Amino acid sequence: MDRVDGRAPIILLVEDDDGIARPLVAALEGSGYTVTRVSSGQQALASAAGVDAVVLDLGLPDLDGVEVCRRLRRRAPQARVLMLTARTTEADVVVGLDAGADDYVTKPFRLAELLARLRALLRRGNETAPPERSVLVAQDVRVDPAARRAWRANEELELTPKEFEVLRLLVEHAGRVVSREQLLRDVWETTWGGSSKTVDMHLSWLRKKLGDSASSPRYITTIRGIGFRFEDDGEDEPRPSTPVA
Ligand code: CA
């Protein structure tokens, strides 16, 4: 266990099922964490201040876990969120990750796996923030990573956190191909199986918001079997001169 600011990390466990919660609390405390366990979404929101990570069951008696996750992000932005889900379809997982969860574990899970995921999340949260980067530009699209804002033709784009990360990565590499693996690694920080569909879904949402089309792309070109390329306007390169009539 890595300590946070010299103390044991504080974990908020949100799980209504005692049969799951009890061994989990024991395992977490056994690993040296300080644990608070609650059984509902409302209690979770009331207890989130100051915690380092939340282990959040999605099937809660009062509020939908995804909604709890969304509100947690606003109320306790410092906390890493590990979703505990019995929902296994990819769309559900995508919704959860889009709501701001950092990672997920599918029930039934092994305690060792959950502890490993949690350790990884806390370590990530512990890293010092990278230095601020300047605004990235390709064509009429601008991305400000520090402010987490993006614009197309001076109109601000309303993006989910994952869509923003995808756009940032593509614009950062404008004119070059970004592979699916790179997107998964950098945006989802994972390489979980069957993940290509997730990338495709996010690309399709992003294209819609950019007013782009997959069949005749202005911004994002699909490179079959490899990944995607954000088209640069190539202003640095000399344009072919207009033929004289
Ligand atoms: Ca439950």
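Helices here are DSSP runs of H or I with at least four residues, strands are runs of E with at least two, and both are numbered from the N terminus. Lys-162 lies in one such run, helix 6.

This is a predicted model, in which local features need pLDDT of at least 70 and side-chain atom pairs count only at pLDDT 80 or more, while totals for chains, interfaces and linings use all residues. Residues are numbered from 1 along each chain as its sequence is written, and side-chain values use heavy atoms, with hydrogens and water left out.

**View 1. The whole protein holds eight helices and 12 strands.**
Of its 245 residues, 46% are buried. Buried means under 20% relative accessible area, exposed means over 50%, and partly exposed lies in between (1.4 Å probe, protein chains only). Among contacts with a separation of 6 or more, 56% link residues 24 or more positions apart. A contact means heavy atoms within 4.5 Å.

**View 2. Strand 4 pairs with strand 3 and with strand 5.**
Two strands pair if DSSP finds at least two bridges between them. Strand 3 (residues 53-57) and strand 4 run parallel, joined by five bridges. In this pair, Leu-56 stands opposite Met-83 of strand 4. Strand 5 (residues 103-106) is also parallel to strand 4, over four bridges. Here Thr-85 faces Thr-106 of strand 5. Strand 4 (residues 80-85) is mostly covered, with five of its six residues buried.

**View 3. Four strands make an open antiparallel sheet in the order 6-7-8-9.**
Strand 6 (136-138) and strand 9 (155-156) are the edges, each with a single partner strand, so one side of each has no neighbour in the sheet. Strand 7 (residues 141-144) and strand 8 (residues 149-152) are antiparallel and share four bridges. Asp-144 stands opposite Arg-149 of strand 8. Helix 6 (residues 161-172) packs on this sheet and touches strand 6, strand 7 and strand 8. The direction of helix 6 makes about 115° with that of strand 7. Axes are lines fitted to C-alpha atoms, for helices over the stretch in contact, and angles run from 0 to 180 degrees between N-to-C directions.

**View 4. Arg-142 sits in strand 7.**
With 30% relative accessibility, Arg-142 counts as partly exposed. Leaving out residues up to four places away in sequence, Arg-142 touches Val-135, Leu-136, Val-137, Arg-149, Ala-150, Trp-151 and Asn-154. Arg-168 is 26 residues from Arg-142 along the chain, and their C-alpha atoms are separated by 9.0 Å.

**View 5. Helix 6 crosses helix 8 at roughly 80°.**
The two axes come within 10 Å. Helix 6 is therefore roughly perpendicular to helix 8. Angles of 65 to 115 degrees count as roughly perpendicular, under 35 as roughly parallel, over 145 as roughly antiparallel, and the rest as oblique. Helix 6 brings Lys-162, Glu-163, Val-166, Leu-167 and Leu-170 to meet His-202, Leu-203, Trp-205, Leu-206, Lys-209 and Leu-210 of helix 8. By class, this contact has seven nonpolar, one polar and three charged residues. Nonpolar covers Ala, Val, Leu, Ile, Met, Phe, Trp, Tyr, Cys and Pro; charged covers Asp, Glu, Lys and Arg; the others, Gly among them, are polar.

Lys-162 counts as buried, because its relative accessibility is 12%. Not counting residues up to four places away in sequence, Lys-162 touches Leu-97, Asp-98, Val-187, Trp-188 and His-202. Lys-162 and Leu-206 are 44 residues apart in sequence, yet 9.7 Å apart in space, C-alpha to C-alpha.

**View 6. Helix 7 packs against helix 8 at an angle of about 80°.**
The axes of helix 7 (residues 180-188) and helix 8 (residues 196-210) are 10 Å apart. These two helices are therefore roughly perpendicular to each other. Helix 7 contributes Arg-180, Leu-183, Leu-184 and Trp-188 to the contact, and helix 8 contributes Ser-196, Thr-198, Val-199, Asp-200, His-202 and Leu-203. Five residues of the contact between helix 7 and helix 8 are nonpolar, three polar and two charged. The buried residues of helix 7 include Arg-180, Gln-182, Leu-183, Leu-184, Val-187 and Trp-188. Glu-189 follows helix 7 and has a positive phi, near 50°.
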